[in-house]
Amino acid sequence: MEPISAPRRLAIHGGAPQRGSLLPYGRQEIDEEDRRAVEAVLGSSWLTTGPAVGAFEEAVCEFVGARFGVAVSSGTAGLHAVMAALGVGPGDEVIVPAMTFAATANSVLYVGARPVFADVDPDTLLLDPGSVEARLSPRTRAVVAVDYAGQACDYGALRAICGARGLALVTDGCHSLGARWDGVPIGQVADATVFSFHPVKAITTGEGGMVVTSQEGLAARLRRFRNHGIATDFRERARAGTWEYGMVELGYNYRLPDLACALGLSQLRKLPGWLERRRRIAAELDEALSGLGGLKPLACARPREHARHLYVVQLDLEVLSVGRREVFEALRAEGIGVNVHYLPVHLHPYYREQLGTGPGLCPAAEAAYERILSLPLFPAMSPRDVADVAEALAAVLGAYRG
Ligand SMILES: *Cc1c(COP(=O)(O)O)cnc(C)c1O
C-alpha cells in the first residue's frame with residue numbers, strides 16, 4: 001500500500017517540515033494537584049525522611065502488589081542497593097541484557113562484580129532465556145531482566161533458570177511500572193524490582209526510584225544501605241529514647257526527600273489513566289504505521305499487559321537506500337523527536353576498555369541497534385501528533401525506499 005501523502009520534498013532537503021516545533025519522544029505531565037502536593041511539604045516540618053516517604057512507598061507497593069517498598073534517589077541507586085543487599089561482590093557474576101541503559105550493568109560494577117552480557121530476542125529485544133543459560137557459570141549470582149520498552153520479559157523461563165540454581169532474579173523495571181506478566185504485576189514477579197521516576201518514565205519525582213520486594217530481610221538491608229549503612233533510623237532512635245546508633249556496613253545517602261515523594265504520590269494517582277492513554281496511542285501508531293513498508297514495530301503478544309514506555313520500531317534496511325542515521329536526521333528535521341534506545345552496553349567505550357567486550361558478543365542486540373528508532377509516545381500526545389509521526393515517517397521512508 002502506498003502512503004497517503006504524495007511524495008514531497010523532505011525538510012532535510014529544504015522542504016517545509018511536518019511540524020514547526022519538535023515533538024519530543026517522551027514528556028512528563030505536571031498539574032495543579034502536583035504543585036499543591038509539593039507546596040504542602042514545603043510548608044511542613046519534614047523536607048526529608050518525613051511521612052511522605054512511607055506514604056509513597058506504601059502507595060507504590062499497593063499499586064504493584066508488593067509487600068515492601070524502599071524509595072531511593074534514582075533508579076540507578078536502586079539497582080546499586082539491590083546488588084549490595086543481595087550480597088553480590090568481587091568474584092561474582094551477574095547476567096544482564098546487552099540491550100539496556102548502561103546503569104543496569106554499571107550497578108554490578110559498583111559492587112565489584114562482573115556484568116556478563118546476554119543477548120536479546122530479535123523481535124522483542126527482551127532478554128533471551130537461551131542466551132542466559134549459555135552465560136551461566138559457577139560464579140553467577142543473579143540475573144537482571146529488563147522489561148525493555150515496557151513489555152515483560154519471559155519470566156516463566158527466567159524464573160525456572162534462577163529457581164533451579166538458587167540465583168536471585170532482579171527486574172530492572174525502569175520501563176515497566178504498570179506492566180504485567182501473565183496477569184501478575186511487575187513488582188511481584190522477581191525477588192526485587194527497581195523502578196525509576198526520572199521525568200521520561202511512567203511517573204516522575206524529578207530524580208528518584210524505588211525498589212520493591214516481598215522479602216522482609218532484603219527490604220531491611222535495602223533501607224540500611226540507602227542510609228549510610230546505619231542500623232536504625234533516627235525516628236527509631238527517638239522512639240527508643242537514645243542517641244546511639246551503629247554504622248554496620250558501608251552504605252550511601254540514597255534517600256529520596258519528602259518533596260519528591262509527595263510529587264510521586266500525586267503522580268501515581270494519575271498513572272492508571274496515563275497507562276490507558278499510552279496503550280491507546282500505541283494502538284493508533286500500530287494502525288497508522290501498518291500500511292508503511294520499511295519498518296516494523298517490536299513484537300507484542302499481549303498489548304493489554306504492556307506499559308508502553310517506549311514505542312520502538314525496527315527499520316527494514318533491506319528496502320531502504322539509507323541507514324538509520326539518515327532516517328533519524330530526516331525525521332528530526334521534520335520536527336519528530338525520535339531517539340535510539342540503546343547502544344548495546346558492551347559496545348560502550350568504557351566496557352570495551354575495562355572488560356574487553358566488543359562486537360560479536362551479542363549479535364541480535366548489535367543487529368537491532370543498527371535499525372531501531374524510538375518514536376514519540378507520551379500520554380498527552382494528541383491525534384494530530386500521532387498523525388504527524390505517521391505522515392513524516394511515510395514521507396521519509398517513501399523518499400528513501402529502493
Ligand atoms: C532510566 C533507566 C535506569 C536508570 O534510572 P535513573 O532513575 O535515571 O537512575 C536504569 N535502567 C533502565 C532500563 C532505565 O530506563
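**A walk through the pockets, sheet and helices**

The largest cavity is lined by Arg-27, Gln-28, Glu-29, Pro-199, Lys-201, Ala-202, Thr-204, Gln-267, Trp-274, Arg-278 and Pro-379. This is a predicted model, in which local features need pLDDT of at least 70 and side-chain atom pairs pLDDT 80 or more, while totals for chains, interfaces and linings use all residues. Residues are numbered from 1 along each chain as its sequence is written, and side-chain values use heavy atoms, with hydrogens and water left out.

What counts as a cavity? On a 1 Å grid over the protein atoms alone, a cavity is a set of points where a 1.4 Å probe fits but cannot get out. A pocket is an open set, with protein on both sides within 12 Å along at least five of seven lines. Lining residues have an atom within 4 Å of a point. By this rule there is one cavity of 30 Å³ or more. The largest cavity holds about 50 Å³ of space. Here a volume is the space filled by probe spheres set on the grid points, which are joined across faces, edges and corners. The cavity lining divides into four nonpolar, three polar and four charged residues. In this sorting, Ala, Val, Leu, Ile, Met, Phe, Trp, Tyr, Cys and Pro are nonpolar; Asp, Glu, Lys and Arg are charged; the others, Gly among them, are polar.

The largest pocket has a volume of about 620 Å³. It is lined by 27 residues, and those closest to its centre are Glu-57, Arg-223, Arg-226, Asp-233 and Arg-235. Helix 2 (51-64), strand 1 (68-72), helix 7 (216-226) and helix 8 (234-240) are the elements that give two or more residues to this lining. Helices (H or I, at least four residues) and strands (E, at least two) are DSSP runs, numbered from the N terminus. Helix 2 gives the largest share, six residues. By type, the lining of the largest pocket has nine nonpolar, seven polar and 11 charged residues.

Is Glu-57 buried or exposed? Glu-57 is buried, with a relative accessible area of 8%. Buried means under 20% relative accessible area, exposed over 50%, and partly exposed in between (1.4 Å probe, protein chains only). Leaving out residues up to four places away in sequence, Glu-57 touches Gly-69, Val-70, Ala-71, Met-210, Arg-223 and Arg-226. Contact means heavy atoms within 4.5 Å.

The bridge partner of Gly-69 in strand 9 is Val-212. Strand 1 and strand 9 run antiparallel and are joined by five bridges. Two strands pair if DSSP finds at least two bridges between them. Strand 5 (residues 168-172) pairs with strand 8 in the parallel sense, over three bridges. Within that pairing, Asp-172 has Val-194 as its partner in strand 8.

Put together, seven strands form an open sheet in the order 1-9-8-5-4-2-3, with mixed pairing. Strand 1 and strand 3 (114-118) stand at the edges, each with a single partner strand, so one side of each has no neighbour in the sheet. Neighbouring strands are turned by 25 degrees against each other on average, direction ignored. Helix 7 packs on the sheet and touches strand 1, strand 8 and strand 9. The direction of helix 7 makes about 15 degrees with that of strand 1. Axes are lines fitted to C-alpha atoms, for helices over the stretch in contact, and angles run from 0 to 180 degrees between N-to-C directions.

Look at strand 9 (residues 209-213). Five of its five residues are buried. In a regular strand, side chains alternate between the two faces of the sheet. In strand 9, Gly-209, Val-211 and Thr-213 point one way, and Met-210 and Val-212 the other.

Helix 4 (102-110) is another element with buried residues: Ala-102, Ala-103, Thr-104, Ala-105, Ser-107 and Val-108. Their cover includes helix 3, strand 2 (93-97), strand 3, strand 4 (140-146), strand 5 and helix 12 (349-355). After helix 4 comes Gly-112, whose phi is positive, near 85 degrees.

Finally, visit helix 14 (residues 383-399), where Val-386 is found. Val-386 is buried, with a relative accessible area of 6%. Val-386 and Ile-281 are 105 residues apart in sequence, and 7.5 Å apart in space, C-alpha to C-alpha.
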